[in-house]
Amino acid sequence: MTAVTLAPAPAAGEGGRLAGTGMLVKMWLRRDRIMLPAWIYALTALVSSSMYSFRTGYDEPGALEKFARGINDNPSTKAMYGPVLNEHTASGVAAWQTGATGAALVGLMCVLLVVRHSRAEEETGRLELVGAGVVGRRAPLTAALLVAATAAGTLAVLATAVMIAFGAPAAGAVAFGLAWFGAGMVFAGVAAVTAQVAQTSRLANGLALAVLGTGFLLRGLGDVGSAHWLAWLSPIGWAQRVRPYADEQWAALALPLVAFALLAAAAYALIERRDLGAGILAPGPGPSRAAPSLRTPLALAWRLQRGSLVGWSAGFLVYGLAIGGIADGVSDLVGDSDSTLKSLRELGRQDDIVDAFLSTAMGLMALLTAAYAVQGVLRLRAEEAGQRLEPVLATGVGRLRWAVSQLAVTVAGTVVMLALTGLAVGSAHGLRSGDLGGQLPRVFGAALAQLPAVWVVAGVTVLLFGLLPRAAQAGWGVLAVCLMLGQMGPVLKLPQPVMDVSPFTHTPNVPGGTFSPLPLVSLTAVALAASAAGLLAFRRRDIG
Amino acid sequence: MTHATTPTTAEATDAIQAAGLVKTFGPTRALDGLDLTVRTGEVHGFLGPNGAGKSTTIRVLLGLMRADAGTARLLGGDPWQDATALHRRLAYVPGDVTLWPNLTGGEVIDLLGRLRGGLDEDRRELLLERFELDPKKKGRAYSKGNRQKVALVAAFASDAELLILDEPTSGLDPLMEEMFRTSVQEERDAGRTVLLSSHILSEVEALCDRVTIIRRGRTAETGTLDELRHLTRTAVTADLAGDPGDLAGLPGVQDLDVRPLEGPGVRVRCEVDTDRLGTLLERLTPAGVRSLTSRPPTLEELFLRHYQDDLAPAEAS
């Protein structure tokens, strides 16, 4: 009867089990004071940039309709975004562009928020500290859900306001905002359940994101194929079924709300059945002996990084296939929209529209790979700051050997990921365009040509780790600067010397552009020099 | 300290020799001229309150940090230059053990052993049983005490010449603490050297041949427990049949308290410098001793004596 003794006194009643919720909400909103505004800003910006481009880019009569018909005839874009429901207004097309992907992103935000404030708090033991105070058994989860609802609600209001500000009809804008809110709350509910089921925040996030991914997939299948009912199984599909700007179906909003209520009830029921810190899924025991191969720092590095590499690679593979699938149809899509054409050409820095699209996509994959690389290099610091490095260095392993082993796995990971991207984009694009033999090698080469710039970002992060270990997180800042220069530079017409700061500026515009090996050799040399300097500094400094 | 007090054989060398170590972190002087000598084959207690510089000293000895001044020798080598070669000959248990969340305890024990160059399989089994450690759990699932046990099993199962243990029992329950003592004694019997940093004084008193007490980054006292006790006073309580006369005038006697017993006679309580104990007893015996207790100072008292300066201002503030 431990469950009974752990529960608060019956006299406290329902209010007792929720005691302290308000305090927790305040505390967590404060903890999220950077993260929440960033999410809300990014998603609001998504809506406003979409509204802006469809209002200004398609002003000739018939342009929007032509674009929309192109979408509705193209299975791969329909799989990614769904069909355009209202072909005649900019707000209708913007709702198409941001509706489903946005709903998935709002869902992602809510999953991360709920897990962060429920399971993660419990896992680190902080909740035990809080739970010993006057905090009811249901308060932490309730507070986490309230934080998610606050975030999704604020976002819904802002998205609605932005659309109305761009001249969209109020009813459609409200429906759009509520559809996002509904999707967010469903996934908040999903995360509330997985946070009870899993014992670690990693697994709780993983399970909830698997539900999110399945939802996205079901919606895509339902939109493309003949089995339209599949989309009705997906919370992201529900958001579409509200049909903003296309004869709004307000009743469809009941689906997410009922689903949320059921999920939340299930989560609360699970809370009553488990102890603090425990999950419904108890993690199984692992091996009592290490595999014979686990005997070198390299084997340890592989063991620590392989999970993340497999996850990233799978994502890259799927995304690569999608990009390759769309590429050949991209000129139909863009159609006569001069501004989109122009901005694609500026970003891709070349004339052939398909190649411009492909090289833009490669540039994006390069940035994502660099994010993986920064995360991989910062593992060095995480091991050090987490005090897992000292016991390793107190054995016969030298500092350089340890660091080089970790970095080798990370660098090999960047090669694997971009090679996979090249294969996926190249073969999908080759098959769709009927020129597999011609497209696969050049796209594969274009993917690998991104590597040296990625390595420069990684090398600078190694340098930071060696020289200023406490500031090593600034590696993310380096990546952010590269991202801003790459995205905003051409738009703002920044001078070339400023653009040249980013290593990605020096990557040849492939496929399609002129290829020269010299920048790649120089970038690799810079990366090597920065890494070597960082490692030397690491060898000379104090650990800790 | 001098070697004259304990005769050393020709082949006995010092496992650790540090002199005048200085290490500063910004404005804080973590080590301020610290000396430490650990002889080969001894269990050496390294005592000091939190923040006295124990862990910093150990990090310098492991070559994880470089001292700003002073010299350090470890197993005859330079801890910074020869780190890797020396580390194959030692095992280290950090004060705050963190494990990789997705590796099991058994995997960590094997990995650390192999990175060092070997593990005694029989001893690994014995120690797992002794410490009642489940090697199949993942790192994130262990409690603090169990994480510490993982590191202890890895260290005791190695064939290292030198064990450096930084507050290794802070998370262990009394039963496991007993198992820890057994293991350290086995290490000593096997001729290994142990540096045991601790602030659990009973543990040090039970296990250590010699101790070094440090304070604010400096060595306050070093020697065998007997030597340290000689430097201090013994508490004496005696019930006497008659009047012992004026004891306050005796050299080395302090905190004297004489009060009459309910029947005839008096009870004498005092502290006396340990080397003057004989003189005091010569005065007490003629008065007819009915009962006598003399208690040597505990390590705690030794320890506290060194920190009274630190405590006094703290109490005043």
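How many residues of chain A are in contact with how many residues of chain B? In this predicted model, 27 residues of chain A meet 31 residues of chain B, where contact means C-beta atoms, placed from the backbone, within 7 Å.

## Ground rules

This is a predicted model, so local features need pLDDT of at least 70 and side-chain atom pairs count only at pLDDT 80 or more, while totals for chains, interfaces and linings use all residues. Residues are numbered from 1 along each chain as its sequence is written, and chains are lettered from A and ligands numbered from 1 in the order in which they are written.

## Chain A's side of the interface

Helix 15 (297-327) and helix 19 (389-393) of chain A each put in at least two residues on the side touching chain B. Helix 19 of chain A gives the most, with four residues. (Helices are DSSP runs of H or I, at least four residues, and strands are E runs of at least two, numbered from the N terminus.)

By type, that side of chain A splits into 13 nonpolar, nine polar and five charged residues. Here Ala, Val, Leu, Ile, Met, Phe, Trp, Tyr, Cys and Pro are nonpolar, Asp, Glu, Lys and Arg are charged, and the others, Gly among them, are polar.

## The sheet in chain B

Over in chain B, three strands make an open antiparallel sheet, ordered 2-1-4; pairing takes at least two DSSP bridges between two strands. Strand 2 (28-39) and strand 4 (69-74) of chain B are the edges, each pairing on one side only.

Strand 1 (residues 14-25) and strand 4 of chain B are joined by five bridges, and B:Q17 has B:R73 in strand 4 as its bridge partner.

Definitions and conventions
Two residues are in contact if their C-beta atoms, placed from the backbone, lie within 7 Å.
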